[in-house]
Amino acid sequence: MSVNRQQTIKPLLYLPATASLPEPGILNAVQAIVVDATGDNGIHQVAGAAAPKSASLLRLARIGPIETITEAALDSLLASGIDGVVLAGCRGPADIQNLDVLLRVAEANAGIAAEGTAILAEYATTPQSVLSPHSLAGASRRLTGLIFSASALAEATGCREPTGETDTASVIVVGRAAAVLRAREAGIAAYDVLPAHALDDAAVKRYCATSTRNGFSAVVVQPQQVALLDTSASLSSRPTAGAQR
């Protein structure tokens with residue numbers, strides 16, 4: 001995946017490991033599905049799931065934190081034909097570099113091209129990453145985007161999850177800025193996870209507008225939010241991520 005400032009970007013779609021693939025209309029509206037493989041047996045469920053039948057749709061697996069990832073798990077995921085991984089709980093460049101090393105071994109075991117598996121990282125979702133003084137530029141050539149979740153940061157810090165634009169905790173404001181600035185510094189995309197409670201047209205439009213104003217490349221959505229997106233107001237002026245493979 002690489003940054004292209006002229007290409008219109010579609011959202012990412014997060015799915016539980018046990019969820020069925022959404023209908024084609026939803027899949028056509030997103031650039032990638034991210035299947036959660038962080039729980040017990042999550043990686044085995046993702047590896048055994050049917051891949052979406054679309055050459056233009058990327059399939060990513062959400063894994064981590066880094067200390068929970070094993071070579072055997074990555075071997076299973078790469079054998080299933082995934083296009084990349086999303087690292088949950090990323091604390092800084094060291095976590096990304098460690099994952100890069102693990103992926104190099106798994107790619108060699110699977111007989112696929114080196115650096116053919118993309119990395120996206122959930123960033124500024126832990127106190128360590130928000131406060132990290134270290135740049136992500138050069139951490140890994142396969143790093144293509146950062147994903148910010150206000151809900152995850154609120155849970156990690158014990159602050160209130162934002163429910164509107166007027167009651168956002170200071171730590172969320174700082175985390176959002178950290179994610180965007182680190183992404184811009186590294187020349188990669190920045191994604192903003194829409195809150196799970198945004199389930200009506202007005203709320204989704206409001207949060208998408210906030211993401212645009214804050215410099216995010218695109219949003220991350222749940223299946224029930226895709227139909228509420230205003231595709232005519234896509235974030236075409238922002239960086240986007242395209243497939244490496």
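## Rings and a buried serine: worked exercises

**Exercise 1.** In this predicted model, which residue lies over the face of Tyr207, and at what distance from the ring centre?

*Solution.* Look above the Tyr207 ring: Arg206 lies over its face, 5.2 Å from the ring centre. For Arg, the atom to check is CZ, and the cut-off is within 6 Å of the ring centre.

**Exercise 2.** How many aromatic pairs does the structure hold, and what links the parts they come from?

*Solution.* Start with the count: there is one aromatic pair. Phe148 and Phe216 form it, with ring centres 6.3 Å apart and planes at 25°, so this pair counts as stacked. The cut-off to compare with is planes under 30 degrees apart.

Phe148 sits in strand β6 (residues 143–148), while Phe216 is in the loop between α8 (201–213) and β8 (218–221), so the pair ties together parts 68 residues apart in sequence.

**Exercise 3.** Are Phe148 and Phe216 buried or exposed?

*Solution.* Take the cut-off first: buried means under 20% relative accessible area. Phe148 comes out at 0%, so that one is buried. Phe216 also has 0%, so call it buried too.

**Exercise 4.** Where is Ser129 found, and which residues does Ser129 touch beyond four places away in sequence?

*Solution.* First, locate it: Ser129 belongs to helix α5 (residues 127–131). Now go through the neighbours. The Ser129 side chain makes a polar contact of 3.0 Å with the side chain of Thr126. Leaving out residues up to four places away in sequence, Ser129 touches Cys90, Arg91, Tyr123 and Ala124.

Conventions. Residues numbered from 1 in each chain as written. Predicted model: local features only at pLDDT ≥ 70, side-chain atom pairs only at ≥ 80, totals over all residues. Heavy atoms only, no water. Helix = DSSP H or I, 4+ residues; strand = E, 2+ residues; numbered from the N terminus. Polar contact = N/O pair within 3.5 Å; in protein donor to acceptor, adjacent residues only side chain to side chain. Contact = heavy atoms within 4.5 Å. Phe/Tyr/Trp six-rings, centres within 6.5 Å; stacked < 30°, edge-to-face > 60°. Buried < 20%, exposed > 50% of the residue type's maximum accessible area, 1.4 Å probe, protein only. Lys NZ or Arg CZ within 6 Å of the ring centre and 35° of its normal.
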